[in-house]
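Visitor: Please pick one part of this structure and show it to me closely. Then lead me on from there.

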Amino acid sequence: MDLATTYLGLDLRNPLIASASPLTGTLDGLRRLEDAGAAAVVLPSLFEEQIEAEAFARDRLDDLAAGFAEANGFFPAGSLPDGGPQHQLDLIARARAALAIPVIASLNGTTDTGWTNYARLAEQAGAQAIELNVYLPAMDPTLDAAAVEQRHVDVLAAVKRAVRVPVAMKLGAGFSAPGAMIRRLDAAGADGLVLFNRFYQPDIDLVTLRLWRHPALSTKVEIRPGLLWIAALAGTLRAAIAAGSGVEGAEEVVKYLLVGADVVMTTSALLRHGPGHLRSLLEGLARWGEARDFASLADLRGRMSRGRGGWPSDDGRGDYIGVLLGYMGDR
Ligand SMILES: Cc1cc2nc3c(=O)[nH]c(=O)nc-3n(C[C@H](O)[C@H](O)[C@H](O)COP(=O)(O)O)c2cc1C
């Protein structure tokens, strides 16, 4: 089966992309992902807070140097701490030089201020597309839904203004009307939509009575919100759709493609099983398609989308009520 496809105008050898994680944060990890079959990689995010912290540190150094002319020699240009924005930009350049597959840079922030200019620096460093993650959990209860939604549109507009390469937006599923939000971002010029991001939620350790701070890897039930909304919107958007969460095996990849995803991203399964797991995802996808005589991805993509009758077309309540009333216990 021919697995070649496109995403954000990039030619891909297959629909599997390694999403942002520590695995995509080193050249060694990136090479292992490419060798195992990743069609593209999203590098770890460059955070608005990192950029602002570096700008603050640079200002402090400038002040110090201005106050003590002899201090100039102690703080040569580029002497700021490792791991910050410059490190991320260097990684983009090194990844581009080392890999044949497309390199997507990720920016992560919540305001449309100066930090968004880093999108241009990422583009200049060689990023072939930008993924924008407006991770805004809205813990401030005075920040209402309209303000959160507007913030997404504003940050997207600022990044789109800064670059020529395509910009995808990675979204959480927790909007009161996800379909309307996605359509709004599509109309605002998003070239791709990653459905969905996961929100980090700490747990409580009952032995130490402390917060348990761990990203908690996903499980396959987490494909459900993505399945629902990709099925509902496939074929109605200008933007490409990337499925974002919960892939454990090839079955989840197939399901996402069946509802209409253009590409499928994965992190947790690769952290759990190693980059080589991509091979079994790709083999499983090809085996499934060939067993049904599908010659290419186009034959299966979207077959189970709402627009093609693969999903209830009511307002969502009919199916819900039927499922609740029809429950006979798990067997
Ligand atoms: C340890 C870890 C680090 C991550 N770092 C980033 C990041 O820098 N930027 C980002 O947008 N998402 C990040 N993510 C989220 C993943 O890219 C992905 O969207 C999420 O884990 C859902 O996919 P999955 O169900 O396949 O894990 C991270 C996830 C994990 C587990």
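Guide: Start with the aromatic rings. This predicted model holds two aromatic pairs (ring centres within 6.5 Å). One of them joins Tyr-135 and Phe-199. Their ring centres are 4.8 Å apart, and their planes make an angle of 50 degrees. That makes the pair tilted; under 30 degrees would be stacked, and over 60 edge-to-face.

Now place the two partners. Tyr-135 sits in the loop between strand 6 (129–133) and helix 5 (145–162). Phe-199 is in the loop between strand 8 (192–195) and strand 9 (203–205). These parts are 64 residues apart in sequence, so the pair ties them together. Helices (at least four residues) and strands (at least two) are DSSP runs.

A word on the ground rules. Residues are numbered from 1 along each chain, and side-chain values use heavy atoms, without hydrogens or water. Local features need pLDDT of at least 70 and side-chain atom pairs 80 or more, while totals for chains, interfaces and linings use all residues.

Stay with the loop that holds Phe-199, between strand 8 and strand 9. Phe-196 lies in that loop too. The peptide bond from Leu-195 to Phe-196 is cis. Its omega is near 10 degrees. Most peptide bonds are trans, and most residues other than glycine have a negative phi. Look next at Leu-8, which is not a glycine and yet has a positive phi, near 55 degrees. Leu-8 is in the loop between strand 1 (5–7) and strand 2 (10–12).

Turn to the ligand. Follow the polar contacts (N or O atoms within 3.5 Å). A polar backbone atom of Ala-20 is 2.6 Å from an oxygen atom of the ligand. The side chain of Lys-170 has an N or O atom 2.8 Å from a ligand oxygen. Gly-244 takes part through a backbone N or O atom, 3.0 Å from an oxygen of the ligand. Taken alone, the ligand exposes 620 Å² (Shrake-Rupley, 1.4 Å probe). The protein buries 86% of that.

Note on methods: A polar contact is a pair of N or O atoms within 3.5 Å; within protein, one must be able to donate a hydrogen and the other to accept it, and residues adjacent in sequence count only if both atoms are side-chain atoms. Rings of Phe, Tyr and Trp (its six-membered ring) pair if their centres lie within 6.5 Å; planes under 30 degrees apart count as stacked, over 60 as edge-to-face and the rest as tilted.
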